[in-house]
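Here is a short report on a two-chain model. Have the sequence and the structure open as you read.

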Amino acid sequence: MSLTVQNLTRRFGQTEVLRGIDLEVKSGELVALLGPSGSGKTTLLKIIAGLDWPDAGRLVVGGEDWLDKKAQERRTGFVFQHYALFPHMKVRDNIAFGLTVMDRAHRPAPATIAKKVEELLHFLQIPHLADRYPAELSGGQRQRVALGRALAIDPAVLLLDEPFGALDAQVRRDLRRWLREVHDKAGTTTIFVTHDQEEAFELADRVVVMGAGLIEQIGSADQIYDHPASPFVARFLGLTVEIPVTMRAGRAEAAGLDTSALPRRAMADGPATLFLRPADITLLPSPEGAFRVTEIATTGALLRLRMEGPADCQAEAELPRRAAPALSLGQTVTLRPEVGHIFPGSPTPAQPAPAPAPVSLIKESSR
Amino acid sequence: MSVVAAPGAMAPRESRLVPRLLIGAAVALSMIFVVVPMAFIFSRAFAAGWQAFSQNILSPDTLHAIYLTMLVAVIVVPLNIAFGIAAAWVVARFSFPGRKTLLTLIEIPFSISPIIAGICYLLLYGRQGLLGPYLLANDVQILFALPGIVLVTMFVTSPFVMREVLPLMQAQGSEQEQAALTLGASGWQVFRRVTLPNIRWALLYGAILCGARAIGEFGGVSVVSGNIRGQTNTLPLQIDLLFHDLNVAGSFAAATTLTLLALVVLIGKTIMESRRA
């Protein structure tokens, strides 16, 4: 079913968790809510499920006002990060739960319920687990059961909170592919919350990037990756190197920077900030270079370097170790960005980037 | 629970000796303080033979005391279960001003001597008490009758169920209940099919402790019951009375009954614990 969120706000005491959210989700769409912790994405999901209530705004699903309905009446089948399976019930009974609690008039006959559970067990590729208890399952298996329990009630909207957050990397990748298949076959409108951009981009039809209670950008993976709409999105997507530049006739200029690889922009002249991924920077050793190498670390495959530029500007670069030019500490270099994004205005000082995990790893290892 | 195995033969002498000494001390103390006195009760009760024992037990006053004690337990335990679940649920699921204070209030009976509870009720419901005249005018008998005994026993045993259930509810969190809600379960269905099964062992355990305490309660009840033989004497009071009557055999026989009741409860608790593990 289609879902419309209009101007939704939610406050916890003094903190504004949601500051006016507008969102349209089409029927059958798979949408990711992507953002760092504290961006309000889980609160939005809980409001859609009826587990939390907004202070203002509208929530319409399939033409019905859902703010008039209790969680029981919405029947969304919320899937929790830690699954929240019922530990005293077998897998079979966990999946059947939503059907067995229906009122007498609508509840299917026991045989019908058993048949539906059997179908779901096969659909989710876990028929051999039917008579086990949740404690006897691995994380990935529990996730499948939790999804089965939610799908059993034919949810109007399927909601998943960090569905792969508690799993290890390999299981995560497998389940991701599997969830996409399940979604395509079941055709349920699905919204899931994640802080992992790779997960969001690979899995979702559309990604909604959230930050500090606002939607920063909505688009496909490619759109967001290639054209981040704001400095926040750029930082969140790993464009963690911020260099102050001056725009002149559509070109970014700064000391020690060779911007010949960047296309001209239709931007007014004046101060601006160039956002770069560490991997998109080529280093050109040069005696006149304005950046000085202060740290070199290796991961085996990659060399990670930190440089200090004019006016305390810090930069990081990442290059294949074997193909890297001979570099030493203290050497001066010129930076040539291959791809980058420019936003008007000076860099916001001392604002730590809400960086995703890999980038923060770089910082730690090179410290 | 993890139990450490005895150290290997090459362990230093004292590291083998200390556990043995401690184990020996624990066994000796429990023998001296628990097992021997209890065995003594049984031996004294049967000293005059089966005949005398059964005669003492079957005396109408003692039988009535047994009946009254069981009746009080049967009334108090279910009330306590209801109160314990409600209190634990409120404290575990909601944050509200005064939550900590409520928790402390509920635990007061643990630290207060039961006789104080008895006196409180005496001052509240007694003839000269706060509500006394009103109760007298409306012909409601609370003190020196079953209601008083039940009230005091309730007071003394009130924290047991709640204390057992609360940590479990807090550890479990509310996600399972929320999941059940989003699957369409009503509030009652969530309680019966998700909350209750999760706490069932703790609940039973708490109920057993509460039952044992209710059966054995002496101090508070002695203040409010009025010690009317064959009417308001519970088993512990009856034992006391028989003892002061110098009816030692009768007193020991009644004590044996109470001890047996406690042992049954203890066995129930042990079975429960082994199942829970």
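## Chain A overall

Of the 367 residues in chain A, 43% are buried. Buried means 20 or more other C-beta atoms within 10 Å of a residue's own; exposed means 12 or fewer, partly exposed is in between, and C-beta atoms are placed from the backbone. The model is predicted: local features need pLDDT of at least 70, side-chain atom pairs count only at pLDDT 80 or more, and totals for chains, interfaces and linings use all residues. Residues are numbered from 1 along each chain as its sequence is written, while chains are lettered from A and ligands numbered from 1 in the order in which they are written.

Chain A has 10 helices and 18 strands. These are DSSP runs numbered from the N terminus: helices are H or I with at least four residues, strands are E with at least two. Along the principal axes, the C-alpha atoms of chain A fill a box of roughly 80 × 45 × 35 Å. Among contacts in chain A with a separation of 6 or more, 68% join residues 24 or more positions apart. A contact means that two C-beta atoms, placed from the backbone, lie within 7 Å.

## Domains and cores

Chain A is assigned domain 1 (3–226) and domain 2 (238–344 + 351–366). These bounds come from an automatic or database domain assignment. The C-alpha centres of the two domains lie 39 Å apart. An unreviewed UniProt entry lists "domain: ABC transporter" at residues 3–237 of chain A. UniProt positions follow the numbering used here, feature names are shortened, and annotations may be inferred rather than shown by experiment. Residues 3–237 of chain A are 37% helix and 24% strand.

The largest nonpolar core has 102 residues. Such a core is a set of buried Ala, Val, Leu, Ile, Met, Phe, Trp, Tyr and Cys residues joined through C-beta atoms within 7 Å. Domain 1 and domain 2 of chain A both give residues to this core, so it lies between them. Val208(A) is among the residues with the most contacts inside the core. Not counting residues up to four places away in sequence, Val208(A) touches Leu23(A), Val31(A), Ala32(A), Leu33(A), Leu34(A), Ile215(A) and Ile218(A). Apart from this core lies another, of 53 residues, including Ala73(B) and Tyr125(B).

## Where the chains meet

The contact takes 19 residues from chain A and 15 residues from chain B. On the chain B side, helix H9 (175–182) and helix H10 (187–216) each give two or more residues. H9(B) gives the most, with seven residues.

## Chain B

UniProt's unreviewed entry places "transmembrane region" at several spans of chain B, among them 144–162 and 248–268. Residues 144–162 of chain B are 84% helix, with end C-alpha atoms 29 Å apart. Residues 248–268 of chain B are 100% helix, with ends 30 Å apart by C-alpha.

Thr234(B) sits in the loop between helix H11 (219–225) and helix H12 (235–244) of chain B. Thr234(B) is buried because 30 other C-beta atoms lie within 10 Å. Beyond four places in sequence, its contacts include Ala65(B), Val72(B), Ile149(B) and Ser225(B).

## Confidence

The model scores ipTM 0.80 and pTM 0.78. Chain B averages a pLDDT of 87. pLDDT is the predictor's confidence in each residue, from 0 to 100. In chain B, confidence is highest in H9(B), at a mean of 93, and lowest in helix H13 (residues 248–276), at 82.
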